[in-house]
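Please keep the structure open while reading.

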Amino acid sequence: MIASANVSLEAAAARAREIGIEAAVLSDAIEGEARDIGRMHAALAREVALQNRPFEKPVVLLSGGETTVTISGNSYGKGGRNSEFLLSLALDIDGATGIDALAADTDGIDGSEDNAGAFANGESVARMRASGVDPRAHLARHDAWSAFSASGDLFVPGPTGTNVNDFRAILIR
């Protein structure tokens, strides 16, 4: 079997539908700055959560592709594009209920550390702050790994033996 980003997203969509949750595959080729793509996904998740549009709850929004993290000066930390995407999303859904997200690299490694990505919900930022972490400061220095490590939200499956780009799932209930 030949794997692809589309195959992984369609498999996730089929599984969601099997358990009674509608799924929307947004795209398997999303590119751009991870933090900007995270904000866009957060805005869409909030729209669904608050207005029940453009999709009706419950729904899982799925996307893939390869985002980027542009490092400038000495402002770099630990992590990768999926963790940075998710930290940006977490900041924009702070306090929201009924939104849970995962962003991960399908090979099991996101950037410089041993995690594939992380999990986030409307309480992630509060958990980070309770651990003494300023999530905005960590995002500014590209150190999402440390923020998610402090909140206990890292996703560490180990190497998967495959790589079909990034995988993002946002469940809105």
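In this predicted model, the side chains of Asp94 and Arg129 form a salt bridge, with N and O 3.4 Å apart. The two partners belong to distant parts of the chain: Asp94 lies in the loop between α3 and β3 (99–105), while Arg129 belongs to helix α4 (residues 124–130), and 35 residues separate them. Asp94 is partly exposed, because its relative accessible area of 39% falls between the limits of 20% and 50%. Arg129 is partly exposed as well, with a relative accessible area of 46%.

Side chains of opposite charge can pair when their charged atoms come close. How many salt bridges does a search of the whole structure find? The search gives 14. One of them joins Asp166 to Arg81, with 2.8 Å between the closest N and O atoms. This pair, too, connects distant parts of the chain, since Asp166 sits in strand β6 and Arg81 in helix α3 (residues 81–92), 85 residues apart. Asp166 has a relative accessible area of 1%, so this residue counts as buried.

Another salt bridge is formed by Arg141 and Asp143, whose closest N and O atoms are 4.0 Å apart. Here Arg141 is partly exposed, at a relative accessible area of 36%, whereas Asp143 is buried, at 9% relative accessibility. Some salt bridges share partners, and in this way Glu66, Arg81, Asp105, Asp166 and Arg168 are joined into one network.

Is α3 largely enclosed by the rest of the structure or largely open? It is largely enclosed, because 11 of its 12 residues are buried. Among these buried residues are Phe85, Leu86, Leu87, Leu89 and Leu91, but also Asn82, Glu84 and Asp92.

Asp92 in α3 deserves a separate look. This residue counts as buried because its relative accessibility is 17%, and the cut-off is 20%. Its side chain makes a polar contact of 2.7 Å with that of Arg39. With neighbours within four places in sequence left aside, Asp92 is in contact with Arg39, Ala42 and Arg46.

An α-helix has 3.6 residues a turn, so residues three or four places apart point the same way.

Phe55 is placed in the loop between α2 and β2. At 26% relative accessibility, this residue is partly exposed. Not counting residues up to four places away in sequence, Phe55 touches Ala24, Leu26, Val48 and Leu61. The C-alpha atoms of Phe55 and Glu22 are 9.0 Å apart, although 33 residues separate the two along the chain.

These elements can now be set in the whole chain. It contains six helices and six strands, which follow one another along the sequence as α-β-α-β-α-β-β-α-α-α-β-β. Of its 173 residues, 46% are buried. Among contacts with a separation of 6 or more, 76% are between residues 24 or more positions apart.

Where pLDDT is low, the predicted coordinates should not be read in detail. The mean pLDDT of the chain is 89, and 88% of its residues reach 70 or more. Confidence is highest in helix α2 (residues 34–51), at a mean of 98, and lowest in strand β5 (residues 154–155), at 89.

Key:
Residues numbered from 1 in each chain as written. Predicted model: local features only at pLDDT ≥ 70, side-chain atom pairs only at ≥ 80, totals over all residues. Heavy atoms only, no water. Helix = DSSP H or I, 4+ residues; strand = E, 2+ residues; numbered from the N terminus. Buried < 20%, exposed > 50% of the residue type's maximum accessible area, 1.4 Å probe, protein only. Polar contact = N/O pair within 3.5 Å; in protein donor to acceptor, adjacent residues only side chain to side chain. Contact = heavy atoms within 4.5 Å. pLDDT = per-residue confidence, 0-100.
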